[in-house]
Amino acid sequence: MIGLLQRVSRADVTVDGQRVGAIGPGLLVLIGVRPIDNEASAHRLVTRLLQYRIFPDEAGKMNLSLAQTKGQLLLVPQFTLAADTAKGLRPGFSTAAPPEQGRRLFDVAVGIAREKLGAAETGVFGAHMQVSLTNDGPVTIWLES
């Protein structure tokens, strides 16, 4: 699985003009699923993103995790992260998981995050979403399971 982590001071996602998820300081994570991914991939990705040290400590070094800072989490499904861009000028999506697998593993990731963190906001799988964020740093990290 792929997670594009963005450290944010705030983020939200809307569908059809309705806000479906919003957070204050924390992480916005766009999640892509590939055909090779499974429940173990979801578990590894979520465990890593919760423990990834990208928040500043008292000295200003990126040395604290989301769990340590008690930050909030917004998970947004985004199949385009798994796009094949090796050739041509249009992405191919044969490298992305089929929708059923993508939805199932996104839901698994959300469940794990909620279990470990206590709460997690989400986007809507398969919906056309508008994501708004204020990237803090900016800090944006590509993370794979």
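Among contacts in the chain between residues at least 6 apart in sequence, what percentage join residues at least 24 apart? The figure is 72%. Please keep in mind that this is a predicted model.

Let me go through the fold. The chain has eight strands and three helices. Their order along the sequence is β-β-β-α-β-β-α-β-α-β-β. The radius of gyration is 15 Å, close to the 15 Å that the globule rule gives for 145 residues, so the chain is as compact as a globular protein of that length. Along its principal axes, the C-alpha trace covers about 45 × 35 × 35 Å.

Next, the surface. Of the 145 residues, 43% count as buried. The chain exposes about 7,800 Å², and 51% of that area comes from carbon and sulfur atoms. As for charge, there are 15 positive side chains and 13 negative ones. The centres of these two sets lie 3 Å apart.

Where is Asp12 placed? Asp12 sits in strand β1, which runs over residues 2-15. Is Asp12 buried or exposed? Its relative accessibility is 11%, and buried means under 20%, so Asp12 counts as buried.

Which residues is Asp12 in contact with, leaving aside its neighbours within four places in sequence? Arg19, Gly21, Ala22 and Leu74 are among them. The list also includes Gln130, Val131 and Ser132.

Terms used
Residues numbered from 1 in each chain as written. Predicted model: local features only at pLDDT ≥ 70, side-chain atom pairs only at ≥ 80, totals over all residues. Heavy atoms only, no water. Helix = DSSP H or I, 4+ residues; strand = E, 2+ residues; numbered from the N terminus. Rg over C-alpha atoms; globule rule 2.2 N^0.38 Å. Buried < 20%, exposed > 50% of the residue type's maximum accessible area, 1.4 Å probe, protein only. Contact = heavy atoms within 4.5 Å. Areas by Shrake-Rupley, 256 points an atom, 1.4 Å probe, with all protein chains shown as cover. Lys, Arg positive; Asp, Glu negative; His and termini not counted. Charge placed at Lys NZ, Arg CZ, Asp CG, Glu CD.
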